[in-house]
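Please go through the fold of this chain element by element.

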Amino acid sequence: SGVDCDRQLVEGLGDATDILTALVGAAGLPATLLAAERGMRICLANKETLVAAGGLVMPVVRRHGGAVLPVDSEHSAIFQCLASRSRSDASSAAANAMPPVDQVRRIVLTASGGPFREADRATIEHATPEQALRHPTWDMGQKVSIDSATMMNKALEIIEAHWLFGLPAEKIGVVVHPESVVHSFVEFVDHSVLAQLGPPDMRTPIQYALTYPDRSAGLSHSLDWTRLSQLNFHQPDFERFPALRLAYDVIERGGTAGAVLNAANEVAVAAFLERRIGFGRIVGLVGEALRAVPCGPADSLEAVTEADRLARAFALDRLHEERGVASRSL
């Protein structure tokens, strides 16, 4: 089975203490969980792991004395801002670097806005895969690019931040920042704000996770401050990008809700790329799955896997029903 293969892979690491998990989707969960059980430092590029099973993974990390170091540029930025308060021991980086929650007024994740940042709802509704894959800033794979276009990627990051930093939903915000220079920021209760800035280059957060708590000579280029004439920030439009609202619903519901959202989204994105549904249907299908699939405690890998299975089955059944209706109407 896939889990057995993941176990063999992790057990085959020998005396390794660090692991970088970068699989796309829920496929990254079993290996990450096994690494957590070994007390490893997990450099996490697979946000779906915490979206689907943050309530399962993070307690295991703490219980076995490991750490999760975020690789996503936004979460790395938040981590750097929080870690700047103290030089934590690398073996327990995530736990020691975080200030008490009551000292943080809010964290704010920045979003480029994707290819449809300024598009109207009709354009978004009928977008083609080619249009949705045309990201203005980042060069990413197909799944992440489509998630960025729907802003589901930011929804996943909101949920991931909830688990990474132990913050409630009301302390996690989002702003659209087209330049992608400010990667995210933290506002403390005294209204001081710490932000992490840098070029839009994933080599920086990857390097920081691998070398933490030290810093090495950078692989990306330096910012040219004389060319930064302005930085823009805008409130996201929850009506044009309803995926953001789903993130807060998932945090409120807890349990396996994240696994349901992630699984249904993977099915919906695949269907869109195969031109079986329209772009505007992706988030709607995910919302239907969240309302229809029962959510329980995410207290075991089996519970999360079952929620994932049920959500995929629901989404596939809905796609089959809709295809049948469309065929009969021709």
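Which residue of β5 stands opposite I107? I107 faces I172 in β5. Two strands count as paired if DSSP finds at least two bridges between them.

**Basis**

This is a predicted model, in which local features need pLDDT of at least 70, side-chain atom pairs count only at pLDDT 80 or more, and totals for chains, interfaces and linings use all residues. Residues are numbered from 1 along each chain as its sequence is written, and side-chain values use heavy atoms, with hydrogens and water left out.

**Overview**

The chain holds 14 helices and seven strands. Helices (H or I, at least four residues) and strands (E, at least two) are DSSP runs, numbered from the N terminus. The chain has 330 residues, and 52% of them count as buried. Buried means under 20% relative accessible area, exposed over 50%, and partly exposed in between, with a 1.4 Å probe and protein chains only. Take contacts between residues at least 6 apart in sequence: 73% of them join residues at least 24 apart. Contact means heavy atoms within 4.5 Å.

**The four-stranded sheet**

Four strands form an open sheet. Their order is β5-β4-β6-β7, and the pairing is mixed. β5 (172-176) and β7 (193-197) are the edge strands; each has a single partner strand, so one side of each lacks a neighbour in the sheet. Neighbouring strands are turned by 20° against each other on average, direction ignored. Strand β4 (residues 104-111) runs parallel to β5, and five bridges join the two.

Helix α4 (residues 73-83) packs on this sheet. α4 touches β4, β6 (182-188) and β7, and its direction makes about 40° with that of β6. Eleven of the eleven residues of α4 are buried, so the helix is largely enclosed by the rest of the structure. Among them are H75, F79 and C81.

Q196 sits in strand β7. Is Q196 buried or exposed? Q196 is buried, at a relative accessible area of 13%. Leaving out residues up to four places away in sequence, Q196 touches S73, A77, Q80, C81, V181, V182, H183 and S184. S73, A77, Q80 and C81 are buried residues of α4.

**The β-α-β unit**

β1, helix α2 (residues 29-37) and β2 make a right-handed β-α-β unit. β1 and strand β2 (residues 41-44) pair in the parallel sense over four bridges. Within this pair, I19 stands opposite I42 in β2. Strand β1 (residues 18-21) has two faces: I19 and T21 lie on the covered one, D18 and L20 on the uncovered one.

**Helix pairs**

Two packed helices are described by the angle between their axes and the distance between the axes. Axes are lines fitted to C-alpha atoms, for helices over the stretch in contact, and angles run from 0 to 180 degrees between N-to-C directions. A crossing is left-handed if the near helix is turned anticlockwise from the far one by less than a right angle, and right-handed if clockwise.

| Pair | Axis angle | Axis distance | Handedness |
|---|---|---|---|
| α3 (48-63) and α9 (152-165) | roughly 20° | within 8 Å | left-handed |
| α12 (257-273) and α13 (281-292) | about 145° | 8 Å | right-handed |

The axes of α3 and α9 cross at roughly 20°. That makes α3 roughly parallel to α9. Angles under 35 degrees count as roughly parallel, over 145 as roughly antiparallel, 65 to 115 as roughly perpendicular and the rest as oblique.

On the α3 side, E48, L50, V51, G54, G55 and M58 meet L156, I159, E160, W163 and L164 in α9. In the other pair, A257, V260, L261, A264, N265, A268, V269 and F272 in α12 meet I282, L285, V286, A289 and L290 in α13.

Where does M151 lie? M151 is in the loop between α8 (142-150) and α9. Its phi is near 65°, a positive value in a residue other than glycine. M151 is buried, with a relative accessible area of 3%.

S180 also has a positive phi, about 55°, although it is not a glycine. S180 belongs to the loop between β5 and β6. With 6% relative accessibility, S180 counts as buried.

The peptide bond from Y212 to P213 is cis, with omega near 10°. P213 is found in the loop between α10 (203-211) and α11 (243-253).

Key
Right-handed = clockwise from strand over helix to strand, strands pointing away.
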